[in-house]
Amino acid sequence: MPVNPGDRPNGTVRTVLAEDGVLLREGLSGLLERFGFAVVEAVGDAAALEDAVRRHGPGLVVTDIRMPPGYSDEGLRAAVRLRRERPGLAVVALSQYVEQSYAADLLDSGGGAGVGYLLKERVADVEEFAAQLGRVAAGGTVVDPEVVRQLLRRRRDPLERLSEREREVLAEIAGGHSNTAIARRMHLSEAAVGKHIGNILAKLDLPPDDGLNRRVMAVLAYLRSA
Amino acid sequence: MGAVPDDHPRTLLQALARPGYLLSLWPLRALLYGATTPLSALLWGVPLGLLSLPWVFPAAALAGTVHGVPATPWGAVLLLALGALLLAAAGPLVALPGAALERLRVRLVDDRPLPTPHREPRRTGLAAWFATRYTEGATWRGMAVLVLTALLFLPLTGAVALLLVFCASMAAAPLLVWGSVGPVALGPWEIETLAASWIPALAGVGLLAAGAYIGGLAVAAQAELVRFMQRDRGEEALRAELTEVTRSRARLVDAFEAERRRIERDLHDGAQQRLVALSMQLGLARLDLPEGSAARERIAGAQEQAKRALEELRELVHGIHPQVLTDRGLEAALPELADRCAVPTEVRVGIDRRPPAHTEATAYFAVAEALANTAKHSGATSARVDARMEGRTLVVEVSDDGRGGAQAAEGGGLTGLADRAEAADGRILLSSPPGGPTLLRLELPCP
């Protein structure tokens, strides 16, 4: 059943936020509250994140990947652990860089449902960012366009068959957008978007599927099968 | 300038080869040297002998002289080890002054200077002194000199002394006969009259002259050996110096690497976080302004600027030190690197353990540089990165199907990387004939 998670009110989403930079933590907290997420706790490291999640049982976790004490990928590891522990917990990981291996770890957890991997700087586009969090909280998959861009470069051969426009649409699909949203964002008619998507799936030999999440996963799985 | 005939021999060996030897001071100098040899042998040989005392028992048991001592093999091994340990621990403390005295003694029969072969410790303090002395070859060669003096040169000196005493007493036969009442026994001969004593006396003088040569030769051999063992080995000092320089270069590279990480971390925690927070605040501020207002447009513009700054900073920081390399090693970092390359690049990483951080960094930046060159100059349509362990060496190969002709000098980056690899005892090999293909091979030792 196709859903448009962006339309879902976020007020019900209890959220735990983990970010070690105080400035950013405060800012993100404010942003989330403003868009109707209920931030039940905002913490500064991975251990505190796991504690908070166990205490509050939130619906969504938004976490920085690199956090104390090691400033490595503690946030990501905690997120993957938490998802194994609590199937259905939605997690959005924020990263300073696109690292395919991090994205892969997260997407592989829990079948890729309710997962987001975004560059930190995407928070600048506050409305879009909030909408993406909402989609993930609703079980969707959101992958940063930069990930798709890099994956596209890796798999040159069959993807060369895609037109410039189709590549753009592919990146939008990976962003977890619905056909309607893609049409609005790319200033196209919904019919045109549908046609592009059909072409993409056909060119990549993927079965047509209108479930957003599965669509993203199929495309990513294909791209990553290099 | 022709060769100036050297009228003054500087060593006993040179003097022996000259006609005036017997009439010079050299035989006397050799005699003095020979006479002091037993003193030196006792002074240093006794303590060394005491240190190696545990060796006596197994040796004696082996020879079967000590009965009643159960010659268990383990006991023998234990005693042997104990002796070796004692010699290794305390031997140099005997050898250092002993060898110094031997070097002084050599000056009796050798005018050439023989400075100390020992290095100055690099740092002050007793620990540094001990570390230097116990690790340099000169100390142990000094000990060998003392052992040889006691075991080889002492008996030799004794034999020569016996010969000389015999010759001297023959030469002194007339005096002996004149001063005694009965016949004088000189070896197998008995001399009864003063007249008969002149023959052995003449023979004795002749033999004494020969003895001066034989003894001189023995002393010269000993002195030359001491000199050989105790001279300052320039190349050894140089080698030590070189290792030191290499080590300090490696330290520099390590420090450099640590500094890069620090900068990366500072930028990540500081400027990047602030810029992200700033652009987020701008985004929120934009929401509060009426749609289409000039202020909203301005804020959107400012946001765009902040976004560009973030993108540039992200690339810059990644270039300084990629976080993924620290977190997940070459296995994850090299494919990411290939993804960023404009030329389609296949990556194979077969490394069973993580090399040291600076080795990983050197390999990573070498591949980055090679791929950048491939994208810029080669015109290649595909490239390949292959990283694997060959024994204790990390081998990374980057190849492309481009037009070749790459030179290390052309890309200054490659030369810098070659220096870095060299500082880590590794090397970079480049094969790039005109027309291609290009292959860059990096070898780094991995303990």
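In strand β7(B) of the predicted model, B:Glu443 is the bridge partner of B:Arg427. The two strands concerned, β6 (residues 427-431) and β7 (residues 438-445) of chain B, run antiparallel and are joined by 5 bridges, where strands are said to pair if DSSP finds at least two bridges between them. Together β6(B) and β7(B) form a hairpin with 6 residues between them, and B:Gly435 in the turn has a positive phi of about 95°. Helices (H or I, at least four residues) and strands (E, at least two) are taken throughout as DSSP runs, numbered from the N terminus. Residues are numbered from 1 along each chain as its sequence is written, and chains are lettered from A and ligands numbered from 1 in the order in which they are written. This being a predicted model, local features need pLDDT of at least 70 and side-chain atom pairs count only at pLDDT 80 or more, whereas totals for chains, interfaces and linings use all residues.

Chain B contains 13 helices and 7 strands. Of its 447 residues, 31% count as buried, a residue being buried if 20 or more other C-beta atoms lie within 10 Å of its own, exposed if 12 or fewer, and partly exposed in between, with C-beta atoms placed from the backbone. Among contacts in chain B between residues at least 6 apart in sequence, 72% join residues at least 24 apart; two residues are in contact if their C-beta atoms, placed from the backbone, lie within 7 Å. B:Asp419 is situated in helix α13 (residues 412-423) of chain B, and is partly exposed, with 13 other C-beta atoms within 10 Å. Its C-alpha atom is separated by 9.7 Å from that of B:Arg249, although B:Asp419 and B:Arg249 are 170 residues apart along the chain.

The contact between the chains takes 30 residues from chain B and 25 residues from chain A. On the side of chain B that touches chain A, at least two residues each are supplied by α9 (234-288), α10 (294-320) and α11 (323-340) of chain B, and α9(B) gives the most, with 14 residues. The residues of this side of chain B divide into 11 nonpolar, 10 polar and 9 charged, where Ala, Val, Leu, Ile, Met, Phe, Trp, Tyr, Cys and Pro count as nonpolar, Asp, Glu, Lys and Arg as charged, and the others, Gly among them, as polar. For the complex, the predictor gives an ipTM of 0.74 and a pTM of 0.55.

In chain A, 6 strands form an open sheet with parallel pairing, in the order β2-β1-β3-β4-β5-β6. Strands β2 (38-43) and β6 (141-143) of chain A stand at the edges with a single partner strand each, so one side of each is left without a neighbour in the sheet. From one strand to the next the twist averages 15°. Within this chain, the parallel strands β1 (residues 14-18) and β3 (residues 60-64) of chain A are joined by 4 bridges, and the bridge partner of A:Leu17 in β3(A) is A:Val62. Helix α4 (residues 100-108) of chain A lies across β4 (90-95), β5 (115-119) and β6 of chain A, running at about 165° to β5(A); axes are lines fitted to C-alpha atoms, for helices over the stretch in contact, and angles run from 0 to 180 degrees between N-to-C directions.

Two helix pairs of chain A involve α10(A). Helix α9 (residues 179-186) and helix α10 (residues 190-203) of chain A pack at an angle of about 110°, with their axes 8 Å apart. That angle makes α9(A) roughly perpendicular to α10(A), on a scale in which angles under 35 degrees count as roughly parallel, over 145 as roughly antiparallel, 65 to 115 as roughly perpendicular and the rest as oblique. A:Asn179, A:Thr180, A:Ile182 and A:Ala183 of α9(A) make the contact with A:Glu190, A:Val193, A:Gly194 and A:Ile197 of α10(A), the residues dividing into 4 nonpolar, 3 polar and 1 charged. Helix α8 (residues 164-174) of chain A packs with α10(A) at an angle of about 95°, with their axes 10 Å apart, and is thus also roughly perpendicular to α10(A).

Chain A averages a pLDDT of 82, with 82% of the residues scoring at least 70, pLDDT being the predictor's confidence in each residue, from 0 to 100. Chain B averages a pLDDT of 83, and 89% of the residues score at least 70.
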